[in-house]
Amino acid sequence: MTSIWLIRRDLRLSDILALHPALTAGSVLPVFILDPAFSSQSPRRRDFLYAGLHALDNELRKRGSYLVIRKGKPVDALRQLFDEVQADAIYAEEDFTPYARRRDTLVAKLLPLQLVSGQTVHHPKSILKKDGRPYTVYTPYSKAWKVALGKIELIHAPEKINTPQGITTESLPKFENNPLFPAGEIEALTRLEEFLYKRIHEYADNRYRMDLDGTSALSPYLHFGMIGLRQAVHAAKLANLQNTNSRGAEIWLNELIWREFYIQILYHFPYVTKTAFNKSLANIPWRNDPSEFEAWKDGRTGVPVVDAAMRQLKETGWMHNRARMIVASFLVKDLLIDWRRGEAWFMENLLDGDIAANNGGWQWTAGTGTDAAPYFRIFNPVLQSMKFDPNGDYIRKWVPELRGLSTEEIHAPWEYEVHVAGYPSQPIVDREIVKERALRAYAVSKEKVR
């Protein structure tokens, strides 16, 4: 009896709930399908995915198995492979994006596809309010999530995988390794271990500091399942037990729950990928100035912390979460550019670009989403910079033109009449007009639904 283990966003061998029933049934054929839909993925994420598949294949071969790669629409590739190996079942970890749900519904109509939980700790349908409706506010959701959390029993990676030999496989496309984020389960587990050793206990104090290495930086690995959310939650709970005086582990757990919160929002309200969750804010009259949008993308706004973050994104494919909030607020509130344009730019560039988390983050900052920041809350980027990059080290790293400035000057050079060759002498927007202009635009949308 042969089962197909269909891999999508679970590029690991430890704690794979979809692999367990396949192993107990008999021989297992690990399969990944290069879906034409990947053409819309960012090149950076594709490289990371391919590098992760290469690492997974190496781990499979250590266990007497190997990864079979096929190209084409999933339903077509699976039908051919199913007949070819005379398989009895297909096991896959359930995915919750709108595309994934459509894809799996189509496959399940024609083949015995068994979807197994594992991408989340709790299925999006399992944490509901008493009236059966989904939560749309984080705090009560997180409380219910924690109440429902039992003991997580992690499943170890199998020592041996019996796989039919001689199955034709495609070659992986060529890829470039990311030196800052080497792909694969081994790297992910190593980073988790390093984070748990010390930084998690300083997480409460350092997580917002853009100039410090205070976060786990595991988001790319979580997105592709090189480490599972169950594993991360288990680690957070264990760290909390080992050091009850540390708030860091509990706060990190809350951040992991935010990921799951946004997944269940996307599951229950898939329209958020197209428009505002808060329908009263779906008709904001955006300015959408093209030159200002280009300046924001390139890190040429004249606001040092914004420019530092946008250059970091462009160069590395990653950005500190506090920096994401700052640049998003600047784009949406200061420049009055549609949050969906910023969301798309992040998806084009982020190594950890995740539909649910990215959409949730942008709508939170824009004030248009579920449990969002109040729409009238507008970050002051200079105050944010001074608070979360107090010495200007983050700015100096990513905006080398400003390295010679003092700690006082570097956050807002124009306030000290400091002009640096090659850097804008003034921000592209006058902050004196920002708040009134933004509130007026939001009020217009609200008036339209009355």
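Student: Which helix holds Asp-393 and Arg-396, and how many residues apart are they?
Tutor: They sit in helix H17 (residues 393-398), 3 residues apart, so about one helical turn separates them. Helices here are DSSP runs of H or I, at least four residues, numbered from the N terminus. This is a predicted model: local features need pLDDT of at least 70, side-chain atom pairs count only at pLDDT 80 or more, and totals for chains, interfaces and linings use all residues. Residues are numbered from 1 along each chain as its sequence is written, and side-chain values use heavy atoms, leaving out hydrogens and water.
Student: What do the side chains of Asp-393 and Arg-396 form?
Tutor: A salt bridge, 3.7 Å from N to O. That term means a side-chain nitrogen of Lys or Arg within 4 Å of a carboxyl oxygen of Asp or Glu.
Student: Is Arg-396 buried or exposed?
Tutor: Buried, at 16% relative accessible area. Asp-393 is partly exposed, at 41%. Buried is under 20%, exposed over 50%, partly exposed in between (1.4 Å probe, protein chains only).
Student: New topic. What does Asp-213 form a salt bridge with?
Tutor: Arg-199, with the closest N and O atoms 3.6 Å apart. Asp-213 lies in the loop between helix H7 (203-206) and helix H8 (219-223), and Arg-199 in the loop between helix H6 (185-197) and H7, so the pair ties together parts 14 residues apart in sequence.
Student: Which is Asp-213, buried or exposed?
Tutor: Exposed, at 58% relative accessibility. Arg-199 is buried, at 17%.
Student: How many salt bridges does the count come to?
Tutor: 27.

Notes:
Helix = DSSP H or I, 4+ residues; strand = E, 2+ residues; numbered from the N terminus.
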